[in-house]
Amino acid sequence: MRAAGVLCAFVACSTSGTVVPLPGGGAGDAGHAEASVDAGSAETSVDAGSCTVGKGVPVPATERVSNGHPLLPPKWAFGILWGSYYDQVGSTYAQGGNLLDAAAKLRAEYAGDLMWIDSSWLWHDYSASGADKYICFAFDSTVFPDPQGMIATLRQEHFHFGVWEWPWMDHGCQYFATATTDRYFVMNGTQPALAMGGWHGDPNPAEFDFTNPAAVTWWTGLNAPFATLGLDFLKLDTVAGQQETPVTSGGGAFFDATKSYTHERNAAAYAVTKLWAAANDPDAEMNGARGFVMPKAPSPGNDQLPGWWTDDRAATFAGMQSEMVAASQLDTPDSAAYWCGDTGGYDGTPTDEVYVRWLEYTTFTPLQEFFGSKTDSVGARFPWLYGTQAQQIQKTYADLRYRLLPFRYSNALAAYEASPVAYPVTWIGSTQLLVGSGDSVILVQPVTTAGATTASVQLPAGSWIHYWSGTSYPGGSVANVAAPIDQEPIFVKAGAIIPMGPSMQWVDQVPADPLTLDVYPAAGASTSYTLYEDDGRSEGYLGGAYATTRFSCDAGATGSAHPVVTIDAQKTARYAFTGQLACRTYVLELHGQTAAPAGVSRDSRAVPMVSASAFSGGGVSEGWYYDAAAQIVWTRFPLASSASTRVSLE
């Protein structure tokens, strides 16, 4: 039986532990930190008018140089990414799917940050030849009569935009003759060396030669108009073996055989995805734009081009298992730290059960993308294509994903800054994910068996708390836990400090304020977590435009009878960044407290005890209460970022 209130650790709940809608914040969160609060000592109080949001400063280009660790995509890529074969008119070729209608429904009822279109942006009829369309750098006007207006509408709705591309051009495209004459293709003498296995239009297209700088400039120029309209993402199809067929089967030669064709292609696409932000985002203009691509072919140093896709998989539990195996082989310099698969599977149509179990799994992967095939499915994986229960579960886990954004994004920044690289998401074999590292880790074991309602989880070293029941298990043991359709097996490492933000429909819809620290004290130990923050849009972090805040929990390591949580003053690495908060409200959520404390003090000053209703209603700026059913002590207080504070249970 689930302990009441434990679910409140990550999703919005009432004080009795019942899940309730909470559009503006998480459990115990009541809107944003107000500048008018005035509580506590002079060192830790926030006075009226003092809470400001910082502005970025220029970081010299000479300092914005990669240290070789995985580069970050834009912060919005850590949200939810929606792909489809939908079009602008809801044609029969798109099974009636209208992209703008889908975007409006997502924004009204769900969450997401990206809408991208697969090959149907080039030609509407998947089964017909379309012999001159793939790829001829033009929207199919039959089903996309106004792409500029469409993309503008998506951006107004806070969606980024992207399309699918492959590295080939069909005969008959208006640019084909120029590319042949100027040798922008991989060539066999005076003619293009043809690729093998094209599955759209021309089965033997010509291949852009990305090892030729002149060809890259030309190809970039053909893509640049889309970036001007608002494109800032490219999904890159084909693997290395397909890209090499003009040489291995077509008798051709690359312009520069010393270069990695795959890397040069991925790098060119990555540069294109930076163009929109570089021209439209002041922070990206000032400190360099970030790009975002999803290739599926490894290349030397590919982690400097963030993004990855684990290829097409069957929309079955077996397909989910094979995707997990593929994902578990990533986290290498030649692949990616930021990866995802097609949630729900690509080939075929998933059952509601497969859809739910897959989305529960990908809630915790670095990126999360929903997409499905067109030829034997509906060309999308939008929630409303599934049953009522599946829709509600998707909403619950989407809220969890966005509330965990401070933790997940901080882990990404830490992976760049720390040595050796601590990948944000790692694997135990190919069946368990570890989100985070060090003291603060979430373990997830996706359910991949039809009809399963229980799971046996082999736990690694440490002590682990079952997220749904609050039961503690020792490391090295097997935890046999309930796993109904809405409960993926999730465990939190004892000692973890998980920072969580308010609920959102898209990344940075609101600041991470209030910031909830979800604390799982480890008896007799002192543990810590360092929060990394930056503007999320520019490459300023490469030169030190980020800040850190260290949180620690002493649960008896130094002789204290009760947990003591310390928040250190924020430290700016080198440069200020846009969005840097001068203050915020903190909500501490201390688990495992079997009895109410005699009191709570902050910096040796008593914090007032308040009722559960007053706390959750947001009527107090500082106070604490004890949830006996959940065995959680909740504490809220405002804090200037420049100050430190110490919260003790008495």
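**Notebook: salt bridges**

I began with E109, which is partly exposed, with a relative accessible area of 37%. I note here that the model is predicted.

I then looked up K105. This residue is partly exposed too, at 29% relative accessible area. K105 and E109 form a salt bridge, and their closest N and O atoms are 3.0 Å apart. Where do K105 and E109 sit in helix α1? They are four residues apart in that helix, which runs over residues 99-109, so about one helical turn separates them. Side chains of opposite charge can pair when their charged atoms come close.

Next I looked up the total. I found 18 salt bridges in the structure.

I moved on to K235. Its salt bridge with D342 has the closest N and O atoms 3.3 Å apart. K235 belongs to strand β8 (residues 231-236) and D342 to strand β10 (residues 342-343), so this pair ties together parts that are 107 residues apart in sequence. Is K235 buried or exposed? K235 counts as buried, because its relative accessibility is 1% and the cut-off for buried is under 20%. D342 is buried as well, with a relative accessible area of 2%.

The side chains of E369 and K235 meet in a salt bridge, at 2.9 Å from N to O. E369 lies in strand β11 (residues 369-370) and K235 in strand β8, so the pair links parts that are 134 residues apart in sequence. Both E369 and K235 are buried.

My last entry is on the shared partners. Which residues do these salt bridges join into one network? They are K235, D342 and E369.

Conventions
Residues numbered from 1 in each chain as written. Predicted model: local features only at pLDDT ≥ 70, side-chain atom pairs only at ≥ 80, totals over all residues. Heavy atoms only, no water. Salt bridge = Lys/Arg side-chain N within 4 Å of Asp/Glu carboxyl O. Helix = DSSP H or I, 4+ residues; strand = E, 2+ residues; numbered from the N terminus. Buried < 20%, exposed > 50% of the residue type's maximum accessible area, 1.4 Å probe, protein only.
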